[in-house]
Amino acid sequence: MQIVGIDTGGTFTDTVILTKDGRVGVGKALTTHGRLMEGVIASLGVASRSLGKSLRDILEATDILSHGTTVGLNALLTGTGAEVGLLVTSGFEATLPMARSNKVHGLPDEDSINALKWRKPDLLVPRRRIIGVRERIDVDGNIIVPLDEEQARQSIRQLVARGAEAIGIALMWSPVNGGHERRLAELVAEEAPSLHVTLSSELAPRIGEYERTATVAMNAYVAPLVGDYLTSLDEALRKEGFGGLFLIVTMGGGVRRASSLRDAPVHLLQSGPVGGIMAARQVGARLGHADVLATDVGGTSFDVGLVVGGALPAASRPRIDRHSLAVPAIDLASIGTGGGSIAYVDPELGVLRVGPQSAGSMPGPACYGRGGTQPTVTDAAVVLGHLDRLGGALTLDRAAARSALAPLAGRLGLEVEAAAEGILRVANAQMADLVRRASVQRGHDPRKFVLYAYGGAAPQHVGRYAAEIGVKAIVIPRLAPEFSAWGAASSDLRTSYEIELPARPLQDFRDGEIEAFGRLEQRARGEFEGLAEAGLSGAIEIKRKIGLKFSRQLHRIDIEVPASRLASADIATAEAAFRARYEQIVGQGSAHGKSAIELAAIIVEARMPIAMPDAAPALTRAVPRPARHRSAWFLGREWETPVFLWDELGAGAEISGPAFIESEQTTAVIHPGQMATTDEDGNLTIAVPGAHTRSSSPRIEEFA
């Protein structure tokens with residue numbers, strides 16, 4: 001079986017090809033914003049040529065193509081989604097505008113302390129396109145007020161007249177009884193058959209009026225654009241010869257058929273970063289690392305996720321750009337610090353800042369030679385000699401990078417090289433701070449974790465941002481620049497369905513819940529229908545879980561239960577598992593023995609493994625020899641630094657810093673006092689003397 005993984009990031013689009021005979025082809029191309037398909041095809045072409053094949057040869061032989069995309073997220077962040085109309089229960093038209101009334105909702109720490117930046121999430125649906133319909137269902141699913149169909153038809157016509165291009169429907173207690181929502185969808189199909197419709201009872205059947213409504217609005221906002229993109233990309237790939245299965249990475253983990261996500265694109269908003277953390281879990285399992293700090297440095301952002309005990313923690317209340325979500329999502333934290341982040345002097349404080357504004361791929365950093373003039377993190381690395389090429393064929397312009405940094409250095413009263421060191425120091429400090437917040441603030445000790453660094457820019461920076469955290473070790477995977485694409489290619493098919501319930505004592509588990517498990521399982525299995533014809537015949541693995549919480553608490557913990565009827569002994573086992581997991585998260589002794597446990601949700605998870613091609617033979621041992629040397633700056637002075645070629649390093653190679661290890665797509669920077677070693681798969685492990693690194697590095701204040 002041949003598998004292709006593609007990840008579209010803010011700056012680069014990456015491709016990994018896993019051939020039937022175990023070879024690996026990789027490709028990287030600049031992301032073409034507004035024409036994302038062009039970047040995808042270009043990246044595929046580069047990867048194909050790395051295997052000595054044409055694009056058509058590769059696509060005709062590909063059985064599965066898995067894609068992580070930012071198209072929906074870009075539409076959300078840039079405000080370029082559809083004009084949305086929203087139908088809600090009459091009397092609840094203000095649910096979305098009110099949000100949770102907390103202006104600090106979703107703000108990063110640095111903004112929450114600044115009252116001038118306090119604001120609610122941007123309203124995706126204007127008030128004039130939020131209309132209440134007469135109906136009412138109670139907490140037990142009983143119909144209190146029947147749906148007024150004539151008034152509903154008038155409301156739908158009003159939304160169309162007011163410019164609605166997609167319609168979201170979020171009625172009260174629809175997770176318990178979605179009958180009125182389904183009927184409204186039928187009415188929309190009659191009155192406005194061309195409009196996309198999102199139902200909260202199908203997309204996000206969770207208790208929580210605001211989160212459910214916000215998720216529906218967000219899905220409706222991006223659905224037309226994402227649906228068109230997936231359809232167009234599918235057609236373009238098949239025109240080039242692709243005849244296999246087209247899959248998409250979801251932010252809940254795993255991949256799903258693209259056809260199943262066209263109507264529910266909210267599931268793929270953060271699919272790119274999730275591909276990376278899924279890959280980190282897989283490589284960690286191979287290397288014996290159950291606890292991993294996964295860090296991804298790209299061109300526009302820095303993302304951090306955790307692997308704890310071999311599992312990917314789910315976000316309890318995921319948010320994107322202040323917007324709440326009520327769908328499954330892997331817990332990730334992000335900031336706008338990457339290779340393209342722009343450095344500037346704060347006009348109020350006069351200190352050096354980096355990001356979140358980014359030069360992106362067009363025009364990109366000044367050193368790209370594409371018209372960029374603002375100083376970026378990548379320009380600083382080029383000035384210091386840490387980089388001199390990118391993506392194999394792209395030679396970086398050091399003179400252009402110096403010209404971009406010169407005005408900034410003048411404002412700071414520093415030489416250009418000192419200003420460049422300051423930019424990297426500030427960027428790395430921001431990254432280290434996010435790693436601490438993603439680990440320590442979640443109750444985890446970084447010293448017990450191995451830190452994985454991937455993304456095109458991570459190998460350049462990890463030697464600094466990891467040194468300040470105190471992790472057990474640093475691993476740079478062999479495919480670090482295309483790690484999210486590799487995660488897409490190596491992920492299993494996964495889906496999950498759930499229903500949140502009005503909380504009640506676990507002992508009151510009813511026959512209705514068992515029946516609901518059956519309905520959810522049937523939906524999950526339905527997503528895997530027809531895959532045998534696509535070459536997949538793996539058995540479907542089903543897990544049933546119940547969401548439990550202590551009485552009067554908000555957050556639940558999901559516990560696996562038997563597939564059959566729950567007996568008293570099974571309920572007692574679930575309670576014990578819940579208390580143990582609660583203490584693992586919150587602290588020993590926190591699960592009070594007499595506290596009542598409530599049932600809050602039922603969940604079905606389904607998985608179909610995808611057989612990976614057999615791996616190529618492991619590397620043999622060889623003595624590392626530098627391919628060349630170049631002058632580079634470390635610790636305030638210039639060093640004559642050896643450059644090693646990653647592809648020529650054998651297993652067990654040991655390289656002392658300062659040194660550079662180059663591949664066609666990235667450069668790993670080994671700082672003075674650090675030692676890098678290679679394993680048989682070509683991964684790098686860096687030993688970092690943290691105390692030396694911290695004491696030798698200049699303080700941020702020196703660049704103010």
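How many helices and strands does the chain have? The chain has 19 helices and 34 strands, where helices (H or I, at least four residues) and strands (E, at least two) are DSSP runs numbered from the N terminus. This is a predicted model, in which local features need pLDDT of at least 70 and side-chain atom pairs count only at pLDDT 80 or more, while totals for chains, interfaces and linings use all residues. Residues are numbered from 1 along each chain as its sequence is written, and side-chain values use heavy atoms, with hydrogens and water left out.

The pLDDT, the predictor's confidence in each residue on a scale from 0 to 100, averages 87 over the chain, and 92% of the residues score at least 70. Over residues 690–704, however, the pLDDT is below 50, although this stretch has 28 contacts in the model beyond near neighbours in sequence; a contact means heavy atoms within 4.5 Å. Where pLDDT is low, the predicted coordinates should not be read in detail.

Turning to overall form, the C-alpha trace spans about 80 × 60 × 55 Å along its principal axes. The radius of gyration of the chain is 26 Å, which agrees with a compact globule because one of 704 residues would have a value near 27 Å. That radius is taken over C-alpha atoms, and the globule rule is 2.2 Å times the number of residues to the power 0.38. Of the 704 residues, 56% count as buried (under 20% relative accessible area, with exposed meaning over 50% and partly exposed in between; 1.4 Å probe, protein chains only). Among contacts between residues at least 6 apart in sequence, 68% join residues at least 24 apart.

Leucine 493 has methionine 608 in S27 as its bridge partner, whereas lysine 543 stands opposite glutamate 605 in S27.

Glutamate 640 lies in strand S29 (residues 637–645). This residue counts as exposed because its relative accessibility is 56%. Leaving aside residues up to four places away in sequence, glutamate 640 touches His629, Arg630 and Ser631. The C-alpha atoms of glutamate 640 and histidine 629 are separated by 6.4 Å, the two residues being 11 residues apart along the chain.

Definitions and conventions
Two strands pair if DSSP finds at least two bridges between them.
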